[in-house]
Amino acid sequence: MSDSILADLHSPILLDQIVPARAAWEHVVRCGETLRIIDLEGNQAVDFLMYSLRDDAERYSVQDTIAAQRNLFLRSGSVLMSNEGNPMARICATSVAYHDTIGGACSCESNTLRYGHHTKAQHACVENFLTANARYGRGKRDIVSNINWFMNVPVEADGTLGIVDGISARGMYVDLHAQMDLIAVISNCPQINNPCNGFNPTPIRVIIAAGDPVVT
Amino acid sequence: MTNLGTADPKGARAHAHAMAGTKIEAMPTVPAGSSPDLPPGVVSEDMLWEETVGAGGYASKELTRGSRLRLTDLYGDSCVSMLVFNSERPIERLNMADTVKVQWNAYLQAGRLLLSDMGRVLMSVVADGAQTHDIFCGPTNERANQRTYGDGTNWSQFPNARDRLLLGAAKFGLGRKDLHPCVNWFKGVRIAEDGATVWEGGPFAQNRSVELRAEMNLIVVLANCPHVLDDRTQYTVTPVRICAWRGPVTPQDDAIRNSTLESERAFLNVEEYFRR
């Protein structure tokens, strides 16, 4: 079966899965492997955390990443840093101009502030992160500020910021090249109260390939 | 064998006792109310905390709901990294993303809230004479200080903010996994249109201060270390004065509480939490 999305990835393809709308997903990504995340239908926020496989107290750090690159936005070439100041992964390619890492994950509790108490029972990314991590003994202390692939959070001159209409589209993707052995955790965002998913959560596709993508 | 008379326990005790009354700048005043320089309008009985934290120092403290916490940048070059936990259940802690997202703004200033990860307000900023703060760049780590100053360990002259926060949190039984993204007071980071972080590092005027109000029972952890974007090759940070005093629980007609829809809901959730 030919599949153009796989054409520029090294073989073997170690994993190729559809993550359903609203679902959690986690997998080990070994140092040197590439994790490709594909926004299948467009403007689907993908909340993302990662932990060092060797020591899960070492994990993605939004603040170390921002301080190291002196910029809020994640773009092609951005290096994702751990709380220990170590590179965890590098964005080796992406078809989206920039991704968010300040907006955090939606939660039942923060939804009550943002939209009202009628949203408390809705499914949320923190619920997915807790569910995926709980299988491995990780809990609420491990839910740190995350990355939101395909999510658009501009900051205006007076500091006003917000989740606005996305700049991703059907088939856009991001490639992460692991710089250490990682546990990657995804919440395919179920939020329906703001435009992060175009008000319609949709499936994504995740692929893990050996080595970095072929340079074409 | 020294010539300090410390060869036997009584001599050693006498030597230790001779230090009584020593005063230096970077130390707590105990009791806090004995400070000769109380905040305006505060009586000594209400003082909870009076401490000056020097370059590279840290401190941590429990504060009850309603308490005021004032940080003063005495010489214009402090950088105070802060963690905040619910002292009753420290699994609830400051959430940097919710703080900026829920309030639709990137900058901390008077009237803004520090929000927890449980939809509640931990602290309000009731006064801000500094207006240069940072919620994006976080603490330095050992690796960063090793690179900039040649050392960054807790036993060096150049301790990094993260490991100072770790010690402050550890005194309450918290550990590495509990070190959430922090606030940096007094050193500012503005965001350019392209997302670039623009550092506002001073040095600034003396005695700028920020005053916070505890909206829940809290553990606050503070570390005074050079900012992670500070490119000075000398480890440069000046002492910060910490004052805290008792205050009333925020009333329902409070202006900050009622300033926005989101703020009111955050206070409603706190009031519900304390309905017991």
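**Interface, B side**

I started with where the two chains meet: 37 residues of chain B are in contact with 33 of chain A, contact being C-beta atoms, placed from the backbone, within 7 Å. This is a predicted model, so local features need pLDDT of at least 70 and side-chain atom pairs count only at pLDDT 80 or more, while totals for chains, interfaces and linings use all residues. Residues are numbered from 1 along each chain as its sequence is written, with chains lettered from A and ligands numbered from 1 in the order in which they are written.

I then asked which elements of chain B give two or more residues to this side: they are α2 (96-102), α3 (142-149) and α5 (261-273). Helices here are DSSP runs of H or I with at least four residues, strands are runs of E with at least two, and both are numbered from the N terminus. α2(B) gives the most, six residues. By type, the B side splits into 19 nonpolar, nine polar and nine charged residues.

**B:Pro181**

I looked up B:Pro181 next, in the loop between α4 (161-170) and β7 (183-185) of chain B. Is B:Pro181 buried or exposed? It counts as buried because it has 26 C-beta neighbours inside 10 Å. The cut-offs are 20 or more other C-beta atoms within 10 Å for buried, 12 or fewer for exposed, and partly exposed in between, with C-beta atoms placed from the backbone. Leaving out neighbours within four places in sequence, B:Pro181 is in contact with A:Val62, A:Gln63 and A:Ser145 from chain A, plus B:Met96 and B:Gly138.

Eight of its 10 residues are buried, so α4(B) is largely enclosed by the rest of the structure. Among the buried ones are B:Arg162, B:Asp163, B:Arg164 and B:Leu165. The cover over them includes β2 (58-63), β4 (80-86), α3 and β11 (218-224) of chain B.

B:Leu165 turned up again in the largest nonpolar core, which has 134 residues. Such a core is a set of buried Ala, Val, Leu, Ile, Met, Phe, Trp, Tyr and Cys residues joined through C-beta atoms within 7 Å. B:Leu165 is one of those touching the most other members, along with A:Met50, B:Met82, B:Leu83, B:Val84 and B:Leu222. β11(B) gives the most to this core, six residues. I checked B:Leu222: beyond four places in sequence, it touches residues including B:Val53, B:Val80, B:Met82, B:Gly168 and B:Ile242.

**Chain B overall**

Chain B has five helices and 12 strands. Its radius of gyration (over C-alpha atoms) is 20 Å, close to the 19 Å from the globule rule for 276 residues, so chain B is as compact as a globular protein of that length. The rule is 2.2 Å times the number of residues to the power 0.38. Buried residues make up 50% of the chain. Of the contacts with a separation of 6 or more, 71% are between residues 24 or more positions apart.

**β3(B)**

Strand β3(B) (68-73) is mostly covered, with five of its six residues buried. It runs antiparallel to β10 (208-214), joined by six bridges; pairing needs at least two DSSP bridges. B:Arg68 stands opposite B:Arg213 there. β3(B) also pairs with β12 (240-245), again antiparallel over six bridges, and B:Arg70 has B:Cys243 as its bridge partner.

**A sheet in chain A**

I followed an open four-strand sheet in chain A, order β2-β9-β4-β7, antiparallel. β2 (24-29) and β7 (147-149) are at the edges with a single partner strand each, so one side of each lacks a neighbour in the sheet. Neighbouring strands are turned by 30° on average, direction ignored. Helix α3(A) (125-134) packs on the sheet, touching β2, β4 (46-52) and β9, and its direction makes about 145° with that of β9(A). Axes are lines fitted to C-alpha atoms, for helices over the stretch in contact, and angles run from 0 to 180 degrees between N-to-C directions.

I noted two cis peptide bonds in chain B: B:Val30 to B:Pro31, omega near -5°, and B:Gly202 to B:Pro203, omega about 5°. A:Arg22 has phi near 75°, positive though not a glycine, and is buried, with 20 other C-beta atoms within 10 Å.

How values were computed: Ala, Val, Leu, Ile, Met, Phe, Trp, Tyr, Cys and Pro count as nonpolar, Asp, Glu, Lys and Arg as charged, and the others, Gly among them, as polar.
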